[in-house]
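This briefing is for a reader who is meeting the structure for the first time. Please look over the sequence and the model below before reading the notes.

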Amino acid sequence: MAKRPSKKQQQDGRKTFRLMTWAVMTLVCLVTFPSTTFLVLLGMLPTIVAFFAGRDDRGYAAVCIGSINFVGVYPALEALWAGDRKPDLVDIVFDPLTLTIMYAAAGLGWLLYLSVPPVIQTITGFMGQRRIESLKSDQKALIAEWGDELAEDGVDPDFEYGD
Amino acid sequence: MAENRADSMVEGENPTSEGDAAADIPVPESGADETTPEGIGAPASTENASKTAEPLPIDDELDDDEELGTSLAETIIKSMPSEPVVVKKRYRVMPGNPLAELDSPTAKAFEAEDQDDPRHSIFALVCIPNMPVRMTEIHKIVGKKIPANLRLIDFGSIQWPGLERVTIVLIYERPRGGTVADVIASDIPETKKLQAISLTTEAGIVGLRELDTRGIMHGAVRPNNIYFLDEECTQVVLGEFVSAPPGCGQPVAVETIERGMAMESGRGVGSALDDLYSFGATLAVITQKVNPVEGKPWKRILLSKCLQGSFLTLVGRTLISTSIYEMLRGLLNDDPALRWDFDQIETWITNRRIPPVQSRPIVKAQRALKFGGIDHFLPRTLAFVMHLYPEEALKLIHAGHIEQWLSRSLENNDTANAVAAAVAIAEGQAGSKFAEDILLTRVLTILDPDGPMRYRGLAIMPAAFGSALAINQIRGGQVSPYAEIVTNAVPSVWFEGNESLKTLKFQTENQFARLKTYLTKTGIGFGMERCLYETNPNLACQSPLLTHAYVTTVKRLLPALNIAAKTGGTEGEPIDRHIAAFIGARFDRKMDTYLDELASADEAIKAMGLLHLLAHIQSEAGPDQLMELTAWVGNLMSPATLNFRSRTTRRQMEKDIPRLVQEGSLTQLLDLLDNLDSRSKDDAGYYSAIQKFRAAEVEIAKIEKATAPRSSISEKKSKQIAAATGVTIMALALILLLVT
């Protein structure tokens, strides 16, 4: 009987499958919309780097940076898609302002990703302490009403009603 | 001992040689010492038996019961108040006017007056406090006129000033003619004496028969307890018999051999035949010009009775009336099966003749066994003297002299084998510290099966254990031998020699098995006090808290405790060892559960045990209101609130207790503190509190984990929020770009 693959092997398999899918989709897009796809790949390069360099599985860094990065890429895309007056891909790519906007947006995304978590942790820590104090106060009230033995019975997993 | 002390008609200081049957007992050679090897078990011939009344070593032996009556009853005299004491708001007892001629061994007589009927001639008998008076018999005879018996008019309890506690006073019809014995001994014409003897004979038989039909044994027929009721000496009555247990205070001369060998407190209730014997002995003593046993030590009288028989011991050659000679022979027969009963006496009175009955001869040994300075020819006398010298007796047993003597001199191999078996049993129990004491009991029972149960100096009829224990308690004697009788099941040893007494054996062994369970528990409500009340169903509670009341029933207990609370203060607890044992013995067995609670080291359980006991009694026996007692108990109930876990409930209860106390109801107090609904609510509340406490504990743990520095959960969440913020900004920016 064949040995079942381990969980890690399964995860690695899924990751490879996902990358392959992205690669195929990117190739399809390059063939179908070569200018747009190239521009997006070029503009979203920091995001792609963040995606592969990020240590979290969920890719929160990529999502955060990518969102802001895309805001920076979007005006260039709009210019590329703009009717008869549309500039060449080369003009856009070699336009320093456009590149600056795209990568500055990515920088802002990075900044956001680095600054929000500590703030959030500080806030949740403070709220957690408040909740703990409230719960401990409730416990004190229970002990005052039912006696110190409540603290013992309350943490005794074997205590049953009627003991 | 009162029988030792005896009245002057039975024993005096100057024994006469004429008709001195007691002097016929074999006595040791001059200088014989019972403690030397020569004095113990050395065979002696009958030739050594002396006919002289030299002092015996046993004459010097003191008895445990000595002066029971005098020493205790004298306290009543010593503590005599000067003012009259009123009993039942009717009878005035005059402490300044004692009536020594009407005294009983355990009660003192005083002049008394019936305030409702001053012409009524009465006297009062003040009993010794804590004496187990015969309450059942008192209730049977009080207020009733029983032919030829002194009439017990009334009885009550009084606080005799100077006495430590309330005692019983018996109000009797006052006999005006003095004792029959004094009248006969006085200088009156012979015809009057014969008439007095005739009246006494008739009255004695009628009086005892009347009591027998009522299921009562007199137990106090003696020379100084038969009176002429009138000054003209035409009516004879038997005196009082309820102030002490049967046989207590009776001289040995008027008791059967078996009962005489028992301690006076341990003779117990006998039969009508025992009363008839006492009557015969009394008659013999008072109808002789010279009393053959006057001045004789009681032990000599007993030995003489054993050797020669009671008739020859008590009846000399100086009978005033020879007409009663035959009757005395019949009444003083030492074999109960051959002793005259009422029918035989009446037949004799009617026909002056009775079919001759062949007496069984006393089987004596061919050679004597010397012990205690006495040459013994009978196992019974040997058993009696061996009991007086236990250490020497055990040496004699282990030396095998008794077996030898029984098989060779008495040719009684069965008894010899039984002694050998007893020794073998003791050797098998060599590790037990009681083995030797039990061996002696067993051997003495083998030698004298009809005698009392003898153990470590005690000689008690098995049915009299209770009264002996009660009187020992009064005297402040050692309790350990009594406890050992129970724990070592000594009565069973005695019944081994009395297999024929099956019903008594069954009842006694059951009772002692129960007593043993009480004795093994040392807590309040058990122990020796419990045995005391279990074996004395009419004994008043002897608690120091109840010195002011004579409490014989549980119904009287709570009112008495209420008065104690009112007058004596409420320090300590309302139940002590005596009261607890009294309740346990007098109430149903359910009380034992509460008594166990009362003995608990846990103060809450103990408090509830106290309340359970008292409330249970109040609900069963009343009264409905016990203000002071309830207040007393209420003050002790703080620990009982600890049975509830909720502090709010406890505080509420502590507020409610004083309110309920004002209603004087222990049952309501119990309902508050032991309410099933309240308890269920308290338990449910506690359980719910535990759930809440546990949930809080879990939540705190979760929060602490989530908010800890470098917490993966916290990091993940904050990154999620950062990502979400980025997406939101993107969406807003795209919308803005699209719109513009």
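In the second largest pocket, α1(A) provides the largest share of the lining, with seven residues. The model is a predicted one.

- The volume of the second largest pocket is about 670 Å³.
- Its lining is made up of 20 residues, and those closest to the centre are A:Trp22, A:Thr26, A:Leu41, A:Met44 and A:Ile48.
- Four helices of chain A give two or more residues each to this lining: α1 (7-32), α2 (34-43), α3 (45-53) and α4 (60-80).
- By residue type, the lining of the second largest pocket holds 13 nonpolar residues, six polar ones and one charged one.

**A:Leu30 in chain A**

- A:Leu30 belongs to helix α1 of chain A.
- A:Leu30 has a relative accessible area of 32%, so this residue is classed as partly exposed; the class lies between under 20% for buried and over 50% for exposed.
- Apart from neighbours within four places in sequence, A:Leu30 is in contact with A:Thr37 and A:Phe38.
- A:Leu30 and A:Leu41 are eleven residues apart along the chain, and 9.8 Å separates their C-alpha atoms.

**Chain B as a whole**

- Chain B has 740 residues, of which 55% count as buried.
- Its secondary structure consists of 31 helices and 13 strands.
- Among the contacts in chain B with a separation of 6 or more, 70% are between residues 24 or more positions apart.

**A strand pair in chain B**

- Strand β6 of chain B covers residues 152-158, and six of its seven residues are buried.
- The partner here is strand β7 (residues 167-173) of chain B, which pairs with β6(B) in the antiparallel sense over six bridges.
- Within this pair, B:Ser157 is placed opposite B:Ile168 of β7(B).

**Two buried residues in helices of chain B**

- B:Glu137 lies in helix α3 (residues 135-141) of chain B.
- The relative accessible area of B:Glu137 is 14%, and B:Glu137 is therefore buried, as the cut-off for buried is under 20%.
- Leaving out residues within four places in sequence, B:Glu137 is in contact with B:Ile216, B:Phe241 and B:Val242.
- B:Asn562 sits in helix α22 (residues 554-568) of chain B.
- With 10% relative accessibility, B:Asn562 also counts as buried.
- Not counting residues up to four places away in sequence, B:Asn562 touches B:Leu626, B:Met627, B:Glu628 and B:Leu629.

- How many disulfides does the structure hold over all chains? The number is zero.
- A disulfide would be a covalent bond joining the sulfur atoms of two cysteines.
- B:Cys306 has a relative accessibility of 5% and so counts as buried.
- B:Cys531 is buried because its relative accessible area is 0%.

Note on methods. Residues are numbered from 1 along each chain as its sequence is written. Chains are lettered from A and ligands numbered from 1 in the order in which they are written. This is a predicted model: local features need pLDDT of at least 70, side-chain atom pairs count only at pLDDT 80 or more; totals for chains, interfaces and linings use all residues. Side-chain values use heavy atoms; hydrogens and water are left out. On a 1 Å grid over the protein atoms alone, a cavity is a set of points where a 1.4 Å probe fits but cannot get out, and a pocket is an open set with protein on both sides within 12 Å along at least five of seven lines; lining residues have an atom within 4 Å of a point. Grid points are joined across faces, edges and corners, and a volume is the space filled by probe spheres set on the points. Ala, Val, Leu, Ile, Met, Phe, Trp, Tyr, Cys and Pro count as nonpolar, Asp, Glu, Lys and Arg as charged, and the others, Gly among them, as polar. Buried means under 20% relative accessible area, exposed over 50%, partly exposed in between (1.4 Å probe, protein chains only). Two strands pair if DSSP finds at least two bridges between them. A disulfide is a pair of cysteine sulfur atoms within 2.5 Å. Contact means heavy atoms within 4.5 Å.
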